[in-house]
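Here are my notes on this model, written as numbered points. Have the structure open while you go through them.

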Amino acid sequence: QVQLVESGGGLVQAGGSLRLSCAASGSIFTINVMGWYRQAPGKQRELVAIITSGGSTNHADSVQGRFTIARDNAKNLVYLQMNSLKPEDTAVYFCNALLKEGPVTGYKSYWGQGTQVTVSS
């Protein structure tokens, strides 16, 4: 069984910084893409940033230049450094991993339980 556990959320003033972490554990053979998504109240879940096993990244336009995704492949960790936070960044942030549990299984998508980020003005 695979688990993704996020940490690092909280309350911060506008202009501040937070660093989110997500640890993947359990029956993991290999992880392809890891990413961060967010969902604000009354809105759909949206992509924040993704990173491949090779280190290629893609950040949403709304966070480009302010957020940075990084990854530790050896430890199955993914991070999201969030700087210059704005009130509109307030949301529940979810970790996602596209991974295989064995050498002959297909890739499956797994989600963490989410961590709340609140940015006050």
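1. A word on terms before the count: helices (H or I, at least four residues) and strands (E, at least two) are DSSP runs, numbered from the N terminus. By that reading the protein has 0 helices and 11 strands, so its elements simply run β-β-β-β-β-β-β-β-β-β-β from the N terminus on.

2. Some ground rules. This is a predicted model, in which local features need pLDDT of at least 70 and side-chain atom pairs count only at pLDDT 80 or more, while totals for chains, interfaces and linings use all residues. Residues are numbered from 1 along each chain as its sequence is written, and side-chain values use heavy atoms, with hydrogens and water left out.

3. Along the principal axes, the C-alpha atoms fill a box of roughly 50 × 25 × 25 Å.

4. On burial, I'm using under 20% relative accessible area for buried, over 50% for exposed and partly exposed in between (1.4 Å probe, protein chains only). Buried residues make up 40% of the 121. As for contacts (heavy atoms within 4.5 Å), 55% of those between residues at least 6 apart in sequence join residues at least 24 apart.

5. The structure holds 1 disulfide (a pair of cysteine sulfur atoms within 2.5 Å). It joins Cys22 to Cys95, S to S 2.1 Å, and is left-handed, with -80 degrees about the S-S bond. Cys22 lies in S3 and Cys95 in S9, so the pair ties together parts that are 73 residues apart in sequence. Both cysteines are buried.

6. Strand pairing next (two strands pair if DSSP finds at least two bridges between them). S1 and S3 run antiparallel and are joined by 6 bridges, with Leu4 partnered by Ala24 in S3. S1 has two faces: Val2, Leu4 and Glu6 are covered, whereas Gln3, Val5 and Ser7 are uncovered.

7. Two hairpins follow each other. S4 and S5 are antiparallel with 5 bridges, Tyr37 pairing with Leu47 in S5; 6 residues separate these strands, and Gly42 in the turn has a positive phi of about 75 degrees. S5 then runs antiparallel to S6 (residues 57-59) through 3 bridges, one of them between Ile50 and Asn58. Here 5 residues lie between the strands, and Gly55 in the turn has a positive phi of about 100 degrees.

8. Last, Lys86 in the loop between S8 and S9. Is Lys86 buried or partly exposed? Its relative accessible area is 33%, so Lys86 is partly exposed. Apart from its neighbours within four places in sequence, Lys86 is in contact with Arg66 and Val119.
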